[in-house]
Amino acid sequence: NGVWSGLYIVHLSRWLQHFDRRNILVLKSEDFFADPATAVKQAFEFISLDPAKVNIASVVKQVFNSNTAMDAINTNNTALKYEGDIDPKVRERLRAIFQPYNDALTETFGIDTSDWS
């Protein structure tokens with residue numbers, strides 16, 4: 001369900017059983033869609049590829065112009081935003097559920113989750 005899939009640290013913890021933390025790169029999709037070139041550069045640097053030797057703009061263009069699920073998402077990230085109203089009680093309950101997991105994600109991977117509330 002939606003709540004279970006959103007508990008990212010739970011799923012990433014399985015990877016940590018097999019790989020050292022320094023061997024796992026976690027990027028927020030919000031950051032990728034807001035600035036894909038920077039996210040691609042981070043990924044290249046993480047795997048020790050020199051971004052200067054790659055045309056990052058071309059890589060980003062290929063990703064966003066491909067015939068994949070990425071086609072459904074534009075660079076403004078509008079396809080991922082919920083436009084309706086959420087009952088305040090439901091919002092608070094979800095915040096209470098997600099907060100400890102988001103805190104653990106921040107602590108373990110340094111991911112800023114403050115904008116997820």
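Biologist: To start, what is the relative accessibility of Thr 106?
Modeller: Thr 106 has 30% relative accessibility, so it counts as partly exposed; that class lies between buried (under 20% relative accessible area) and exposed (over 50%), using a 1.4 Å probe and protein chains only. Do keep in mind that this is a predicted model: local features need pLDDT of at least 70, side-chain atom pairs need 80 or more, and totals for chains, interfaces and linings use all residues. Residues are numbered from 1 along each chain as its sequence is written, and side-chain values use heavy atoms, without hydrogens or water.

Biologist: Which helix is Thr 106 in?
Modeller: Thr 106 sits in helix α6. Helices here are DSSP runs of H or I with at least four residues, strands are runs of E with at least two, and both are numbered from the N terminus.

Biologist: And what does Thr 106 touch, leaving aside its neighbours within four places in sequence?
Modeller: Thr 106 is in contact with Ile 111 and Thr 113, where contact means heavy atoms within 4.5 Å. Ile 9 is 97 residues from Thr 106 in sequence, yet their C-alpha atoms are 9.1 Å apart in space.

Biologist: Which residues of α2 meet α6, then?
Modeller: On the α2 side there are Tyr 8, Ile 9, Val 10, Leu 12 and Leu 16. Their partners in α6 are Tyr 101, Ala 104, Leu 105, Thr 108 and Phe 109.

Biologist: Tell me about Leu 16: what does it touch?
Modeller: Not counting residues up to four places away in sequence, Leu 16 touches Arg 21, Ile 24, Thr 108 and Phe 109. Leu 16 is partly exposed, at 29% relative accessibility.

Biologist: New topic! How many aromatic pairs does a search of the whole structure find?
Modeller: The search finds three. Rings of Phe, Tyr and Trp (its six-membered ring) pair if their centres lie within 6.5 Å; planes under 30 degrees apart are stacked, over 60 edge-to-face, and the rest tilted. One of the pairs is Tyr 8 with Trp 116, which is edge-to-face because the planes are at 65°, with centres 5.7 Å apart.

Biologist: What does the pair of Tyr 8 and Trp 116 tie together?
Modeller: Tyr 8 lies in helix α2 and Trp 116 in the segment after α6, so the pair links parts 108 residues apart in sequence. Tyr 8 is partly exposed at 43% relative accessibility, and Trp 116 is partly exposed too, with a relative accessible area of 24%.
Modeller: Another pair joins Phe 32 and Phe 33, also edge-to-face, at 5.2 Å centre to centre and 80° between the planes. Phe 33 is buried, with 6% relative accessibility.

Biologist: Which residues of α4 are buried?
Modeller: In α4 (residues 36-46), the buried residues are Pro 36, Ala 39, Val 40 and Phe 44. They span an arc of only 135° around the axis, so they are on the same side of α4; the arc is that of the directions from the helix axis to the C-beta atoms.

Biologist: What covers them?
Modeller: The cover includes α3 (29-34) and α5 (56-64). Just after α4, by the way, Ser 48 has a positive phi of about 60°.
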